Amino acid sequence: WAHVALPIGQEGQAPAHVHRLVQQGVDGLKTYAKARPSVVGRVIHEAHRHGKKVTCHAGATPVAEALAMGIDNVEHVFCLEARHPGQKWADVKADSLRVRDLIGRFMTRKAWFTPTLAVMRACEHYWGRPFEQFPGFEEYPAYLRRWLKESLARRAGSDDWDEGQVHEAEAGFRKMQELTRAFYEAGVPLLAGSDSPFVPIGVGFHYELELLVEAGLPNAEVLAMATRRGAEFLGQSDRFGTLEPGKIADVVAVWGDPLRDIRTTRRVAAVWQEGRRLDLAALHTTADAVVGAAPAEFSEERPPFGIRSSDPR
């Protein structure tokens, strides 16, 4: 995603990029799928020298290699090397020797894991089911819904799966949830993250929490993953992450008890930001106005999020 990423062609370019980002005040860095091991290793080294954490979307640099080089967090279940070559997700066993070895590598490194189940689940909705079924997309402007459908359908090759393909996708997703639970039960620290733009920004995060609970994680731990665990990962627990005197604290009050039903996080009753209570009705009115003023069609010259629907995956 060239509009939000810095291209690094050679490892020698990494120090200057990392230094500039640190000077701009970033809390951490992320290497993406096409980053080669030499580049990832140099980014990790430079970031750690500045006291910053590094997370990765593995790809050209396999997870095991990134862990060996000192990566702090790995994003996305589908990036884990849990499958043998050619193996389908539906056939993965969470207690296999391969998975146990992978968990052991995380534990040795003391690395974190962000499963992003929401975007994993999105695949079967985008590519095998009616697009509008995914929770939250009815709130997107029509041109964004069209862009997402066209963009993702082209990446998948087709959005017209038969029942067998849909069943296989669902079975594969359940195995991703089992893998997430296995990592949690083994003691690997997890974070809640929903990814975007392929899941709705905002409401997609609520869906992530629901999928984590559905995977078998305790409600209290999932809430911690969404709050104080992030502060712990960044080494900033003294500043935010919990409601305590002297900390930076935005507060969301909900109707109901999310320790009993995680879905109550969607039922927002009030929000305080920097000590000031926000006017939720006014925010909804503004959001409705923005959606109402949105164009009917997207332009490939100025596509949403800077991503053309015809761009390669």
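Strand 6 and strand 7 (residues 276-277) pair in the antiparallel sense, and 2 bridges hold the count. This is a predicted model.

The open sheet has 3 strands in the order 5-6-7, with antiparallel pairing. Strand 5 and strand 7 are the edge strands, and each pairs on one side only.

Take the pairing of strand 5 (residues 251-254) with strand 6 (residues 268-273). These two run antiparallel and are joined by 4 bridges. Val252 stands opposite Val271 of strand 6. Val254 has its bridge partner in strand 6 too, namely Val268.

Now move to the other side of strand 6. Here Gln273 has Arg276 of strand 7 as its bridge partner. Strand 6 and strand 7 form a hairpin with 2 residues between the strands. Glu274 in this hairpin takes a positive phi near 55°.

## Aromatic rings

The structure holds 4 aromatic pairs. Two of them are described here. A pair of rings is described by the distance of the centres and the angle of the planes.

How are the rings of Phe106 and Phe113 arranged? Their centres are 6.2 Å apart and their planes meet at 65°, so this pair is edge-to-face. An angle over 60 degrees is what counts as edge-to-face.

Phe106 also pairs with Phe183. The centres of these two rings are 5.2 Å apart and the planes are at 80°, so this pair is edge-to-face. The pair links distant parts of the chain. Phe106 is in helix 4 (residues 97-109), while Phe183 is in helix 7 (residues 163-186). The two residues are 77 residues apart.

Together, Phe106, Phe113 and Phe183 form one aromatic cluster. Phe106 is buried, and Phe183 is buried as well. Phe113 also counts as buried, at 0% relative accessibility.

The charged end of Lys53 sits over the ring of Phe233, 4.9 Å from its centre.

His57 lies in the loop between strand 2 (53-56) and helix 3 (63-69). Is His57 buried or exposed? His57 is buried, because its relative accessible area is 11% and the limit for buried is under 20%.

The side chain of His57 makes a polar contact with the side chain of His76, at 3.4 Å. Residues up to four places away in sequence are set aside in the next list. With that limit, His57 touches Lys30, Thr31, Tyr32, Ala33, His76, Phe78 and Cys79.

## The cysteines

How many disulfides does the structure have? A search of the whole structure finds 0. Cys56 is in no disulfide, and the nearest cysteine sulfur is that of Cys79, 7.2 Å away. A disulfide needs the two sulfur atoms within 2.5 Å. Cys56 is buried, with a relative accessible area of 2%. Cys79 counts as buried too, at 10% relative accessibility.

## Two positive phi angles

Lys110 has a positive phi of about 60° although it is not a glycine. Lys110 is placed in the loop between helix 4 and strand 4 (112-114). Thr116 has a positive phi of about 45°, and Thr116 is not a glycine either. Thr116 is placed in the loop between strand 4 and helix 5 (117-128).

Their surroundings contrast. Lys110 is exposed, with a relative accessible area of 67%. Thr116 is buried, with a relative accessible area of 2%.

## Accessibility at a glance

The table collects some residues discussed above.

| Residue | Relative accessible area | Class |
|---|---|---|
| Phe106 | 0% | buried |
| Phe113 | 0% | buried |
| His57 | 11% | buried |
| Cys56 | 2% | buried |
| Cys79 | 10% | buried |
| Lys110 | 67% | exposed |
| Thr116 | 2% | buried |

Methods:
Residues are numbered from 1 along each chain as its sequence is written. This is a predicted model: local features need pLDDT of at least 70, side-chain atom pairs count only at pLDDT 80 or more; totals for chains, interfaces and linings use all residues. Side-chain values use heavy atoms; hydrogens and water are left out. Rings of Phe, Tyr and Trp (its six-membered ring) pair if their centres lie within 6.5 Å; planes under 30 degrees apart count as stacked, over 60 as edge-to-face and the rest as tilted. Buried means under 20% relative accessible area, exposed over 50%, partly exposed in between (1.4 Å probe, protein chains only). A charge sits over a ring if NZ of Lys or CZ of Arg is within 6 Å of the ring centre and within 35 degrees of the ring normal. A polar contact is a pair of N or O atoms within 3.5 Å; within protein, one must be able to donate a hydrogen and the other to accept it, and residues adjacent in sequence count only if both atoms are side-chain atoms. Contact means heavy atoms within 4.5 Å. Two strands pair if DSSP finds at least two bridges between them.
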